[in-house]
Amino acid sequence: MTTILAMPGNKAAAETIAANLHGQLLHPTVRRFPDGEAYVRLDQTTLSPDVVIVCSLDRPDEKFLPLAFLVAALREHGAKRVGVVAPYLAYLRQDRVFQPGETVTSRHFAQLVSRIFDWLITIDPHLHRYGSLAEAYSIPTQVLKAAPLIARWIAENVDSPLLIGPDSESAQWVRAVAEDAGAPSLVLEKIRRGDKDVEVSVPDVGRWRSHTPVLVDDIISTARTMIETVGHLKRAGLPPPVCIGVHAVFAGGAYEALQAAGAGRIVTANTIVHASNRIDVHGMIADAVRHYVSIPAGNMGQ
Ligand code: R5P
């Protein structure tokens, strides 16, 4: 029997995992004292040795300390192996020093996570300059890919799709989805000058006017990347693009800004709970967790 803990906001994913594993599902108390310090409490102290915490790591700064305290409580109450399912894994975009005086936060965050957990499962982490998570994480990790599920959604919902990746980093997702969906694809060039200052160059797309453009990216954060691309495609006379992101980070009013910019449907996977969630990845996660917890600790590798 495996114990599954749902961190706040992760109930649906944790329920699917618990049902799939016939596990014990716990909903710990996680709240703040009036002074802002974190309070955590397990709602059940009889645990199985194998514990899985489900916690998508968007807005990681506010989540990480409660998570660390919970893992401490679990180990004090008999948990021997504690894994984390983080459908969205944060702190991967600072994968090098861009300006003097910075540090590579992705590496430090990976060390913190690796220190408290025994293994990690995530979906489509933003691996740009890292070839794999093993370059930053010292615990066994498994990466799941949303591409086949995105391709299926496109095949069922979009007529004559033309898949478009807004930058070279998105090429890995766009090409995989295009192949699975049997659709043509284009990858654009992007220059990012600042958090919200993005320029995207679009080649001549006139010959694709009879297609439905489908933008695919891993993360939609400020949505500037998608907004810029939507503007170019509109000016080129293409129909309103369907905008698909794996991870619905949507900083501030990004979702509303993307709608206002003329996007067609905006669709995301449910790695982060959001109104745009249409692509269900919870079953895929549950299958991976079931496989993972059945592996004896010493055989997990990396
Ligand atoms: C960047 O390299 C990623 O693949 C996404 O294109 C990026 O995170 C999107 O960010 P934003 O929504 O802020 O433009």
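Start with strands β1 and β2 (residues 24–26): three bridges pair them in the parallel sense. Strands and helices here are DSSP runs, numbered from the N terminus (strands E, at least two residues; helices H or I, at least four). Two strands count as paired if DSSP finds at least two bridges between them.

This is a predicted model, where local features need pLDDT of at least 70, side-chain atom pairs count only at pLDDT 80 or more, and totals for chains, interfaces and linings use all residues. Residues are numbered from 1 along each chain as its sequence is written, and side-chain values use heavy atoms, with hydrogens and water left out.

Select L5. Opposite, in β2, stands L26. Now show all of β1, residues 3–6. T3 and L5 are buried on one side, I4 and A6 on the other, which covers both faces. Buried means under 20% relative accessible area, exposed over 50%, partly exposed in between (1.4 Å probe, protein chains only).

Next, β5, residues 50–54. β5 pairs with β1 in the parallel sense over four bridges. Pick A6: its bridge partner in β5 is V54.

Move to the six-strand open sheet. Its order is β10-β9-β13-β14-β15-β16, with parallel pairing. β10 (185–187) and β16 (277–279) are the edges; each has a single partner strand, so one side of each is left without a neighbour in the sheet. Direction ignored, neighbouring strands are turned by 35° against each other on average.

Select β9, residues 161–165. Three bridges join β9 to β10, and the two run parallel. Within that pair, L163 has S185 of β10 as its bridge partner.

Bring in helix α4, residues 147–157. α4 packs on the sheet, touching β9, β13 (212–220), β14 (242–248), β15 (266–269) and β16. Its direction makes about 155° with that of β14. Axes are lines fitted to C-alpha atoms, for helices over the stretch in contact; angles run from 0 to 180 degrees between N-to-C directions. Helix α6 (residues 224–235) lies across β9, β13 and β14, at about 165° to β13.

Return to L163. Beyond its neighbours within four places in sequence, its contacts (heavy atoms within 4.5 Å) include I154, V174, L186 and V216.
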